[in-house]
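Let's take a quick look around this protein model. Here is the structure to keep in view while you read.

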Amino acid sequence: VATDVTGVGTARSGLAACGYGGDKAIFGYGDTGSPTAITNLVSNAGVVGTDVSGVGSASKYIAACEYGNDKGVFGFGKNGATYSKTNRVSNTGVVGTDTASGGGVTAREGTPAGCSFA
């Protein structure tokens, strides 16, 4: 583990992260005093990219996981109301718009979790 690197991306709490593309990662959403829709891509060399904002509903206390060996998904969270939505991450790091979870899926917030699957 290297030393701290400052000055890249907005500091926030209640965010989530997952892998995508087989060798990269993405941090997303979180709370900066209010819920956000900010994401930051991480290269396969560990370099964190600048803020990307405006995709999906601002959320805090969200979960994320990698799936299919090269894609990711953010899900659930809270912004006033508790969400039952997801945002898929493509194998190139593009975050999709909100998708309502299927019937019978309970909205969650607080400490949701995710795990990888293929």
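Start with arginine 12: it's buried, yet it has no salt bridge. Keep in mind that this is a predicted model.

**Arginine 12 and charge**
- Which side chain of opposite charge is nearest to arginine 12? That's aspartate 51, and it is 4.3 Å away.

**What arginine 12 does reach**
- You'll find arginine 12 in the segment before β1 (16-20).
- Its side chain gets to the backbone oxygen of tyrosine 29, at 2.6 Å.
- A polar atom of the arginine 12 side chain also lies 3.4 Å from the backbone oxygen of isoleucine 38.
- Leaving aside neighbours within four places in sequence, arginine 12 is in contact with a list of residues including Phe27, Gly28, Tyr29, Ile38 and Asp51.

**Two residues with a positive phi**
- Here's some background: most residues other than glycine have a negative phi.
- Tyrosine 29, the residue whose backbone oxygen arginine 12 reaches, has a positive phi near 65°.
- Look for tyrosine 29 in the loop between β2 (24-28) and β3 (39-42).
- Phenylalanine 76 isn't a glycine either, and its phi is positive at about 65°.
- Phenylalanine 76 is in the loop between β5 (71-75) and β6 (78-79).

**Buried or exposed?**
- Tyrosine 29 is buried, because its relative accessible area is 0%.
- Phenylalanine 76 is buried too, with a relative accessible area of 17%, and the cut-off for buried is under 20%.

Note on methods
Residues are numbered from 1 along each chain as its sequence is written. This is a predicted model: local features need pLDDT of at least 70, side-chain atom pairs count only at pLDDT 80 or more; totals for chains, interfaces and linings use all residues. Side-chain values use heavy atoms; hydrogens and water are left out. Helices (H or I, at least four residues) and strands (E, at least two) are DSSP runs, numbered from the N terminus. Buried means under 20% relative accessible area, exposed over 50%, partly exposed in between (1.4 Å probe, protein chains only). Lys and Arg count as positive and Asp and Glu as negative; His and the chain ends are not counted. A salt bridge is a side-chain nitrogen of Lys or Arg within 4 Å of a carboxyl oxygen of Asp or Glu. A polar contact is a pair of N or O atoms within 3.5 Å; within protein, one must be able to donate a hydrogen and the other to accept it, and residues adjacent in sequence count only if both atoms are side-chain atoms. Contact means heavy atoms within 4.5 Å.
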